[in-house]
Protein chains: 2
Amino acid sequence: MARTPAPGTRETILTAAAGLFYEHGVRAVGMAQVVEAAGCGKNLLYRHFPSKAELAAAYLALARRERERSATEALRWASGPREQLIALISEIADIVRRPGYRGCAFRNYLTEFRGEDDVAARAAKAYLDDTRAEVDRLVGEWGGDGLLADRIWLIINGLYAGPPSQAGVAVDWARELIEAAG
Amino acid sequence: MARTPAPGTRETILTAAAGLFYEHGVRAVGMAQVVEAAGCGKNLLYRHFPSKAELAAAYLALARRERERSATEALRWASGPREQLIALISEIADIVRRPGYRGCAFRNYLTEFRGEDDVAARAAKAYLDDTRAEVDRLVGEWGGDGLLADRIWLIINGLYAGPPSQAGVAVDWARELIEAAG
DNA sequence: TCCATGACGGACCGATCGGTCCGAGTCTAT
DNA sequence: ATAGACTCGGACCGATCGGTCCGTCATGGA
């Protein structure tokens, strides 16, 4: 008999928070800034996300969803595990080169909250573990050994850390590595 | 005609602050915790370091001094640029494997304060630029090309980011790479 | 039309932040 | 011995933190 809740509110708030968290870091951004960026009342924010920790966890969950969406999109036209691996790495390189790139959201969070073990930190670790397992799976699918997987993971880590200008080097090297091991 | 200032105070405070900053992050540590860990009065801390930003800058300067000391120590018994490069990387691997390792202090700071441009951030960037230039110099000294330097830098970045269990892979790979290019 | 509900802005809370200041005690040069 | 610099613990400051609450207004269903 009354008003219905606005439908997209949660997404609006989460998007605004995610932008701020990614750009400046979770610790550096206060809830007041999130409210201001979302253009809603503080009340509404806390109805959807009961604490900053849960908002941060939702931020990482959103980042993971976006990450997996664009990864599966990149893997769509790759046939076979080798091409998929190359596509995955070159897609990461695209992200690194994108203007406004501020590093890997999950690695950044684990650096900001190093030593802590809250929900978001566990989610970040889980994402990294899963991605590493995905690399292992793809490498193993065409007979590559553990050393190759380790080296590719090393390249991926360096790719995220390094300057965008070196992204091409990482992709080329990974491709060379993968094709040579075929 | 009065008391002389205690000699080692500044180092004591800085050491305590550096330990906390490195373990938990600069943003996560308050000045009260620094005072408590240093075992001194708050006003003494502020006499030696007029602000938290300057304390953070001093922390990075100390990290750089330690870093360069142990690097030159590692390079002492290496003859020729190739051996020096390998020694440098395996020394980084030793650091990564050390218990209590929490990542590269400079990369961590730039992640925590991303987008900001204070004294400490500039010092961190300068350290990374200088280290990268050192790699370029060592590679160029024995005729290696820019691509090789890029790849070694990629390995170093991945080495700092990756799990300690993969440090050996990075060192072996770098050695293989360097010796093959000889 | 009317009222129940959703949403907003902002006051407000205790805690903590970085930073200042002061009183009391301690040590040393004269 | 005594004065003056040094140091400590802690009170204190304004600002901001995360989080709660309330008064008011907008809105949509009955």
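The model is a predicted one. Chain A has 9 helices and 0 strands, so that, read from the N terminus on, its elements run α-α-α-α-α-α-α-α-α. Chain B can be superposed on chain A by a rotation of 180 degrees with 0.0 Å of shift along its axis, and the RMSD of that superposition is 0.0 Å. The two copies are thus related as by a two-fold rotation axis.

**Chain A as a whole**

- Along its principal axes, the C-alpha trace of chain A spans about 65 × 35 × 30 Å.
- Of the 182 residues in chain A, 49% are buried.
- Among the contacts in chain A with a separation of 6 or more, 63% are accounted for by residues 24 or more positions apart.

**The two copies and their axis**

- With chain B superposed on chain A by a rotation of 180 degrees, the C-alpha nearest the axis in chain B is that of B:Gly158, which lies 1.9 Å from it.
- The same surface serves both copies, in that 100% of the contact residues of chain B recur in chain A.

- The buried residues of α9(A) are A:Ala167, A:Val169, A:Ala170, A:Val171, A:Trp173, A:Ala174, A:Leu177 and A:Ile178.
- These buried residues of α9(A) pack against α5 (81–97) and α8 (146–161) of chain A, and also against α8 and α9 (167–180) of chain B.

**Packing of α4 and α6 in chain A**

- Helix α4 (residues 52–75) and helix α6 (residues 105–112) of chain A pack at an angle of about 155 degrees, with their axes 10 Å apart.
- Angles over 145 degrees count as roughly antiparallel, and α4(A) and α6(A) are therefore roughly antiparallel to each other.
- On the side of α4(A) the contact is made by A:Ala56, A:Tyr59, A:Leu60, A:Ala63 and A:Arg64, while α6(A) contributes A:Ala105, A:Phe106 and A:Tyr109.
- By class, the contact of α4(A) with α6(A) has 7 nonpolar, no polar and 1 charged residues.

**Two loop residues of chain B**

- B:Val26 has its place in the loop between α1 (9–24) and α2 (31–38) of chain B, and B:Val26 is buried, with a relative accessible area of 3%, where under 20% counts as buried.
- Leaving aside residues up to four places away in sequence, B:Val26 touches B:Phe21, B:Lys52, B:Ala56, B:Tyr59, B:Tyr109, B:Glu112 and B:Phe113.
- One of these partners is B:Lys52, which is 26 residues from B:Val26 along the chain, with 9.1 Å between the two C-alpha atoms.
- B:Trp77 lies in the loop between α4 (52–75) and α5 (81–97) of chain B, and B:Trp77 is exposed, with a relative accessible area of 69%, where over 50% counts as exposed.
- B:Trp77 and B:Ala87 are 10 residues apart in sequence, and their C-alpha atoms are 8.8 Å apart in space.

Technical notes:
Residues numbered from 1 in each chain as written. Chains lettered and ligands numbered in written order. Predicted model: local features only at pLDDT ≥ 70, side-chain atom pairs only at ≥ 80, totals over all residues. Heavy atoms only, no water. Least-squares fit on C-alpha atoms with pLDDT ≥ 70 in both. Contact = heavy atoms within 4.5 Å. Buried < 20%, exposed > 50% of the residue type's maximum accessible area, 1.4 Å probe, protein only. Helix = DSSP H or I, 4+ residues; strand = E, 2+ residues; numbered from the N terminus. Axes fitted to C-alpha atoms, helices over the stretch in contact; angles between N-to-C directions. Parallel < 35°, antiparallel > 145°, perpendicular 65-115°, else oblique. Nonpolar A, V, L, I, M, F, W, Y, C, P; charged D, E, K, R; others polar.
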